[in-house]
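These are my notebook entries on a structure that I consulted. I record what I looked up, beginning with a pair of strand residues.

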Amino acid sequence: MNTVELSFQLNGRRVEIQVSPDLMLVDVLRDVLGLTGTKVGCREGECGACAVLLDGEPVNSCILPAFKVGGRAVVTIEGLEGSDGKLDAIQEAFMEAGASQCGFCTPGMILNAKALLNRVPNPNDGEIRKALSGVLCRCTGYQKIIDAVKLAARNTRAASE
Amino acid sequence: MAYSFRDLHWSKDIPVREYLLPKTLSEALDMLAEYDGGARVVAGGTDVVPQLRKRQLQVNALVDISRLPNMNHIEQDGEFIRMGGLVTHAQTAASPLIRKYAGLLASGASWVGSPQIRNIATVSGNLISGQPAADTSIPLLALDASVTLASKDGERSVPLSRFFMGIGKTALDPSREILVEIRFKALASNQGGAYLRLGKRRALVLPMLVAAMVVTVDPERRLFTDAAIAFGPVAPTPYRAINAEERLRGRAVTEEVLAEAGDAALQECTPRDSCLRGSCDYRCEMARVFVRRGVKQALRESGFDWL
Amino acid sequence: MLDKTDETKQAQVLTREKIDLEHLVRTPKADLAVAGKSVVRTDDRLKVRGKLKYGADFPQEGFLHAKILRSPYPHALIRSIDTEAAKQLPGVVAVLTAADVPGRNGFGAIIPDQPVICGDKVRYVGDGVALVAAETEKIAQEALSLIEVVYEPLPAVFDPRDAMKEDAPKIHESGNILSHNKLRKGDVDAGFASADVILERTYQVPFLEHAYLEPDITMAAPQPDGSILVEGPMQAPFTVRRNIAPVLGVPINKVRVRQVHMGGGFGGKEDSPIDIGCRAALLTQHTGRPVRLALEREEVTIQTCKRHPMIMELKVGAKKDGTLTAFHGALYDEQGAYAGLGPLIPPAGGSHIHSMVMMPGPYEIPHVKVDAYLMYTNHPYGGAMRGFGAPQVHIAHEQMMDELAEALGLSPLEIRRKNAFKLGSVTATGQLLDQSVGLRETLEACAEAFDWEGRCRTRGYVDDARTRRRGVGVGMGWYRTSIGTGGDACGANVYVHEDGSVLLFSGITEMGQGSFTVLPQICAEELGVRLEDVRLVMPDTDMAPESGPTVGSRSTTLMGNAIILAARQVKGVILEMASEMLLVPVDRLESKDRKIYDRDRPDRSVPFRDAAARCMSRGKRLIGQGWWAPPPASLDPETGQGNPYFVYTYSTHMAEVIVDIETGEVEVTNYVAAFDVGKAINPRALEGQIEGGVAMGLGYALMEEVAIEQGYIRNVSLQNYLIPTTLDVPNIRSVILEVENRYGPYGAKGIGEMPNIPATPAILNAVADACGGRVRSLPADPEKVFWAIREAGGPPME
């Protein structure tokens, strides 16, 4: 199969690559660009482990054809930390709250949480649970993930005051 | 043999050769024609891509229509609401217009899949999937919506009552047509809508039963002047419970009348026994419960707190 | 003349002294610096940045891609197999059939009865009949489709009770009944005769899927020295190794197995890595090239092990005041097509014997009779799933306790208070619980935190329309630490370097439960260094001592003790040196926070690293080795009497639910779980285990089942195999009690599996309380609850 040029914004930088047109975004990220932080759990858009942000909104990259993102902005888990290595408030909160166990759903959870906090800086339990309802976790029972999002919200507010 | 080769041996790839991104509707239709059945339209892709992976669909090319102009609108047009073919479930659920004039559709759209799916999957894609319990098909059927299908021959309007042909099949010819608009009458002040869903868990689940209804009342005489009740999956296509509707039309708004309508719904629904989605008996029982709850909810939401 | 109690006590003291001599590892219980603290996990930073590498994240350059051809029949003979066309496909490097297995064509965690490649027959849908290795996955997939197999279908058997019949189709030559195990204590007839109430009930549970988020994957590669390296997510590297070696026909020391970070295990990755590991290793040996075998999600469901389904028949007798007098149980345990983790490893290993031993519950019952049958069927096979046969029987006895309470007019708490284990109780196997029994304490602590009395008063309808009713339920449980086999033991090595940094070698794996943090915590505590000074080397059979599998909630306790002994050995050398340096006797020295100091005069100290450096320069051995086995297990094969597991963790859960009585939908609205864990080495990680376990138990209660019809699984994907989402799980509060385990590091005992065990019956009991309908065949999905309410004649009268 021929490859076609695909260019898009990835974690704030412009990317131009040649990929075959049958690839999903998750395969471009993992196999072509070597960013393996985005995980594959099911390949049918059910588990959310593959979630990335597309123009700021969470989408499942395992069923997203790569060419859909042409000219658009994608953010993966690798894109959350600053170039100086400083972690996002949500990442810090996940560690402090103990919200990761096996860690496989963590990137998907963090990105969905990030999109939520961008929209709703002070979400309640119900809003957090609804926003994260598209990412499955088998390890944590979700409790500490909810706690982490609330902690991140608090810390972000405190930092801006 | 109950398992085919594909049921036992799964791939990660989808066997597509070309990914096309037309810039205009005309270009998109030309591409479809060129492939003569070998191409498929994708908007969000959340149905088509898994189908391709499972080899339930075999095409050579995908025609991605998500860049087409003039298909993202949600607008009021007289007594109608018009939604473009690229409107997503997230947009629908959040739209002030839809929430005000077709709350049942906003509710239905908010239940599809998960937040990630709703961000990219389109309502028109949900209709085209032809699934008997598609969460926006059911409210749109209750709203007596119609869809505009564009082809190289022009446009044609198809009411939803004639759109669903069977499981996975609709009146849209995927080899040459694109769904460009959905249209329905906004709820009037003497109308109320409701949407209900029953599933085995609270998110990311195909429903055991989903229902949507629109009731029209005569506030002076406290009568139902009209009723539209849609269910899924109780038949191969989204289903209008016409017998239940008949029990309400012209009748007084009372618990007894509601009960009659519920009984009629129980009788007329014919779902199969499904080990995953529930038995026929149970889902018919739930149809009865949903009629009562749904109609009451519709009345309450339109301010008619009579029951 | 000593009376019986004194005799027993004296015998107990003598036994205790003997056991202590061999097995007691004394540890301080207070003033801990690292252990007992909720430290951030050592691998968290990598996880939140997306940098932790799981199996599928490894580079694939140079790897062949492997695929398995699977049987489409649940039971069939293989008449012929033609691989020629597949072999000819460009890009295909190998196509293997049974004839190509050089060594033993069989694998299995306990009995190697599952063919690596089926030769003469297949026994479940998904059984492997050929292996393909090709340059790409696409080519491998196409090659599979070119292999022609001619099957002769055989009659299949799907119900374990049918499998027991004389005329049932034979799945294995040895017959369909793998075992019939017996537990006999006292005289149940006498017990029933003295009962005021006798209830008989049958409870049934389906196959369950682990549904770990990370699909199985393995990578095998030939090493320059001729050995083969197999790595991937796995809970039992040593079990994988001891299976691969005979399959390849090589000695154990020619196979190296290494764990890669795991996206969840829950017991499933105890034996699925044996399956794909043997197959990938075989292809590597055959082709001389690295091989990658990755399963798609659906293939994980079809091929890998499940939680055992069971039919449990209980007959229990009790007196008017709730005292239990007799327990008669029949257990029909479905093993599936292969032995998996069901059969007995003497004296008390294997899930089936564990189920039998646990079946009467954590209650004092003088007369007990259990007949437990383990059967092959033409279904996927039973492995280990969080609880290893205990969750199922808890669902039975905890519901039975509630049903008895109802029949007697007692509250669910009263009947449990009457019978629950306490220090000095004797179990159904005749085991004297002589230490670390916090069961009753968990009941009281849970009741208080949950406000059982208060919540009882708010039961009933919650809405004016009278469609939703609130109810509360309790579930109690116990779970062993250790696996009850003759060879249950752990080894650890600790190396200290001249700069004070430490390498820890252990074969216990990390699957998210936190072992990679907790075990270094114990090591750092014992040595007196900081957590960050200890680096745990990825479990590797070439480097770690035999450690057994990461199962049975044994890791913290057994490996913790081994690590303490290892650390103590090398610390001894360092303290001797420090004693020389400080001119202080060794027995006055403490090591804490990188300093070795005189306990009486703390200002007299020397840095830990300086003492270590001097040892190095003086040729002293800075290597510590530890080995720990629990007190020996025993279980009489005829009567089931003995001490199968040396200590138990105890727990009480309480759930509040609201049931929609018109639809049968259940919402869990409040939840408290109390545990006696001996000692929490990392309280926050422990809470995480509790919360996740409760969610898993909730799934078992309300929504999970592998829907299998005529041998075919109908819900192979995560779309239709339903696990709880954020909207299904309530906030969960944990109460942690510590009733010290004499034989555990700092008093600890196991916790990994306990949390998901009482959760299921607590929720089922709450549902029954709310709506009057009792679901005895899981899951209690809305439809089942609806019919149960109908069967009960409607919700309870107010």
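I looked up Ile177(C) and found that its bridge partner is Met375(C) in β15(C). I noted that this is a predicted model, in which local features need pLDDT of at least 70 and side-chain atom pairs count only at pLDDT 80 or more, while totals for chains, interfaces and linings use all residues. Residues are numbered from 1 along each chain as its sequence is written, and chains are lettered from A and ligands numbered from 1 in the order in which they are written.

I then followed the strands (DSSP runs of E, at least two residues, numbered from the N terminus, as are helices, H or I, at least four residues). β7(C) pairs with β15 (residues 367–376) of chain C in the antiparallel sense over eight bridges; pairing requires that DSSP finds at least two bridges between two strands.

I next traced the sheet. Its five strands in chain C run in the order β7-β15-β14-β13-β8, forming an open sheet with mixed pairing. Because β7 (177–185) and β8 (197–205) of chain C stand at the edges with a single partner strand each, one side of each is left without a neighbour in the sheet.

Finally, I turned to the contact of chains B and C, which takes 24 residues from chain B and 33 residues from chain C (contact means C-beta atoms, placed from the backbone, within 7 Å). On the side of chain B that touches chain C, α1 (5–8) and α12 (280–301) of chain B are the elements that give two or more residues.

Terms used: Two residues are in contact if their C-beta atoms, placed from the backbone, lie within 7 Å.
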